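Good morning, colleagues. I would ask you to look at the model on the screen while I describe selected parts of its fold.

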Amino acid sequence: MAFVELLRALLDRRLFDCRLTPGRALGTLAEAEAFLRDRGLLTRTADCALPSLYEACHEDPYKPGSPGFATWPATKWPWFGELGDRGYLIAAVHRGKNLLMTGEVADLIDPICRAEITRMRAADPGWRRLLDHLADAGPAGLEDLRTELRLKRQELNALRAPLERCGAILARSLQVTAGKGHLHSSELIRWDQAHPASSGSHADPRKALDELIAAAVRAAVVAPEREVRRWFSWQWYWTDGLIDDLVGDGRLRRVDGHVATVT
């Protein structure tokens, strides 16, 4: 098959598998969970070739013409968090944006996030203080952390943001009862508290990134090669020959400026 025909076939398959046509719109939370399990990982909104939960909903935005949260699906926007409530991890490792993942993908990311805890703990005393506090106290709400660590809101935000971006910690939604209503906040938890260790937890993070890239390309079906390096936060584990090695091992193939899994 010529490259042009092969690329067209891959793009058609991507339309179906990533549910990019209105006829494949997600109709229920159960369908959304099946979509996640099929793809392995989902971004919240569409910003690259990785599959997107909200894009697969094909629902009008909450407030047409407005930016930010108003662009989210009008009624299906809670599904991302509700899938997290079902036990699927959500981590801000998509260059600071949240990524929803199955346990299998969490296993692939696990060695990287554990290495990041060690790296970031050694790199900055503020990061070390927060990471060590969570190690001792366990998951903690933001207000509790501010009190216990004697930090202003801006100071805590400055510490947590890079740690979340690299997967060393996760932020989880927290519902707090207040009077007759409920307030929504967040709690922070170290990666190694959120995801149990396995036999592969201490693998080389560079090798782990290789495995993750292969799984992410499978999730996308086909993707422009130039954008793959921008999918995840960990640029320092990327090697110039990463894609070459995956192609050489027969796990990926190049098709007219794109990469796809070998089937």
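I shall speak about a helix, a sheet and the nonpolar cores, in that order.

This is a predicted model, in which local features need pLDDT of at least 70 and side-chain atom pairs count only at pLDDT 80 or more, while totals for chains, interfaces and linings use all residues. Residues are numbered from 1 along each chain as its sequence is written, and side-chain values use heavy atoms, with hydrogens and water left out.

H1 has 15 residues and reaches 20 Å from its first C-alpha to its last, close to the 21 Å expected at 1.5 Å a residue; the expected span is 1.5 Å times one less than the number of residues. Which residues of H1 are buried? They are Leu-6, Leu-7, Leu-10, Arg-14 and Asp-17, where buried means under 20% relative accessible area, exposed over 50% and partly exposed in between, with a 1.4 Å probe and protein chains only. These residues lie on the same side of H1 because they cover an arc of only 95 degrees around the axis, the arc being that of the directions from the helix axis to the C-beta atoms. Their packing partners are helices H2 (29-39) and H10 (205-220) and strands S7 (222-224), S8 (252-255) and S9 (258-261); contact means heavy atoms within 4.5 Å.

We turn to the sheet. Three strands form an open sheet in the order S1-S3-S2, with antiparallel pairing; two strands pair if DSSP finds at least two bridges between them. Strands S1 (41-43) and S2 (89-94) stand at the edges with a single partner strand each, so one side of each has no neighbour in the sheet. S1 is joined to S3 (residues 97-101) by 3 bridges, and Leu-41 has Met-101 as its bridge partner in S3.

Finally, the cores. A nonpolar core is a set of buried Ala, Val, Leu, Ile, Met, Phe, Trp, Tyr and Cys residues joined through side-chain atoms within 4.5 Å. The largest has 57 residues, and Ile-213, Trp-231 and Trp-234 have the most contacts inside it. H10 gives the most to this core, with 9 residues. Apart from this core lies another, of 17 residues, including Leu-29, Leu-36, Leu-53 and Leu-100.

Thank you for your attention.

Terms used
Helices (H or I, at least four residues) and strands (E, at least two) are DSSP runs, numbered from the N terminus.
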